[in-house]
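Walk through this fold with me, one piece at a time.

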Amino acid sequence: MAYPLPEALPASSDVPTLAELRSIAEATPIAEPAPADTSLLPGAHTMSRRIAFAVVNACTLASIFLGLSAVFLAMRDDVQTAALCLIACVLFDGLDGALARKLGVSSPFGAQMDSLADMCSFGLAAPIVVYASLAGSVSTVAAGLACALVAGCAAIRLARFNVSPKDGRFFCGVPTTMAAAVLAIAVLIGLPIPGEVQVAGVALLAVAMVSSFPYAKLARLLRLPPWLAVIPIAGALLDLRLTFALIVVAYLLSGPVLWVRNRRAPHRVA
């Protein structure tokens, strides 16, 4: 059975009218969102902290400028001077982080700047210098592929480092700074090995950067018995190039050895 609908709803004093709703909306203040903190320097903005912050980032910029200088020098076939610029990049890369921690001006901005500088100097400038040093001794295609591998692996290594939890004892893979230092020193001293072996070594170093093998940090190496330092020093006096090559090979092999050791004894403290 159908019932007829009422012609109009009954008026109720509890239901506000449209005019009342409008007056309530106009009278209610709208909360403004809190302004976002766009400051690059966290903490107090005193003059001394501003100066310290500027000095730290100036060291990072110096690394970028030196990396660019290394590229220009490599284009002029002055690979040894270019290698010296890369070594200076390594020094400034360590200096900016040490100063930031010492002066208490570490910041997310500084961390991003450091990562970008590492990519410019160690991910791009270093393989370009290596490519220039290999010119004429090996196929340009082989040298180009090995150096491109360094650039790609450096980008992956830096991105992985930025998003991964930090381990105070070991690196996960060879750090880009150390890989660039090895390449720069190898170019500087001129290792007397065939070009094909050098290309293979460059490719191996690139793959080691993105590996999951644990590599000891410098602070951990410095805690080794002092008498162990006598061996590389004596070796360098006898044959610098051979000693350098053996140290690099030993460090690269230490990663797989530590990985196997940790797999066999997962609960053992390294």
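Leaving aside its neighbours within four places in sequence, which residues is Arg49 in contact with? This is a predicted model. In it, Arg49 touches Leu41, Pro42, Gly43, Ala44, Gly104 and Val105, once neighbours within four places in sequence are set aside. The residue sits in helix α2, which covers residues 47-75. Is Arg49 buried or exposed? Its relative accessibility is 18%. Buried means under 20%, so Arg49 counts as buried.

Now the helix pairs. Two packed helices are described by the angle between their axes and the distance between the axes. Take helix α5 (residues 140-163) and helix α7 (residues 195-209). Their axes come within 8 Å and cross at roughly 15 degrees. Angles under 35 degrees count as roughly parallel, so α5 is roughly parallel to α7. The crossing of these two helices is left-handed. On the α5 side, the contact uses Ala142, Ala143, Ala146, Leu149, Val150, Cys153, Ala154, Arg157 and Arg160. On the α7 side, it uses Val199, Val202, Ala203, Ala206, Val207 and Met209. By type, the residues of this contact are 13 nonpolar, no polar and 2 charged.

A second pair is α4 and α6. Here the axes lie 10 Å apart, and the packing angle is about 25 degrees. That angle makes α4 roughly parallel to α6. The crossing of α4 and α6 is left-handed. From α4 come Asp118, Phe122, Ala126, Val129, Val130 and Ser133. From α6 come Thr176, Thr177, Ala180, Leu183 and Val187. The residues of the contact between α4 and α6 split into 7 nonpolar, 3 polar and 1 charged.

What of the cores? The largest nonpolar core holds 46 residues. Which of them touch the most other members? They are Leu86, Val129, Val130, Val174, Met209 and Leu252. Two or more residues of this core come from each of α2, α3 (79-103), α4 (108-134), α5, α6 (176-189), α7 and α10 (240-264). Helix α6 gives the largest share, 8 residues.

Leaving aside neighbours within four places in sequence, Val174 is in contact with Arg157, Ala179, Ala208, Met209, Tyr215, Tyr251 and Leu252.

Notes: Residues numbered from 1 in each chain as written. Predicted model: local features only at pLDDT ≥ 70, side-chain atom pairs only at ≥ 80, totals over all residues. Heavy atoms only, no water. Helix = DSSP H or I, 4+ residues; strand = E, 2+ residues; numbered from the N terminus. Buried < 20%, exposed > 50% of the residue type's maximum accessible area, 1.4 Å probe, protein only. Contact = heavy atoms within 4.5 Å. Axes fitted to C-alpha atoms, helices over the stretch in contact; angles between N-to-C directions. Parallel < 35°, antiparallel > 145°, perpendicular 65-115°, else oblique. Left-handed = near helix turned anticlockwise from the far one by under 90°. Nonpolar A, V, L, I, M, F, W, Y, C, P; charged D, E, K, R; others polar. Core = buried A, V, L, I, M, F, W, Y, C linked by side-chain atoms within 4.5 Å.
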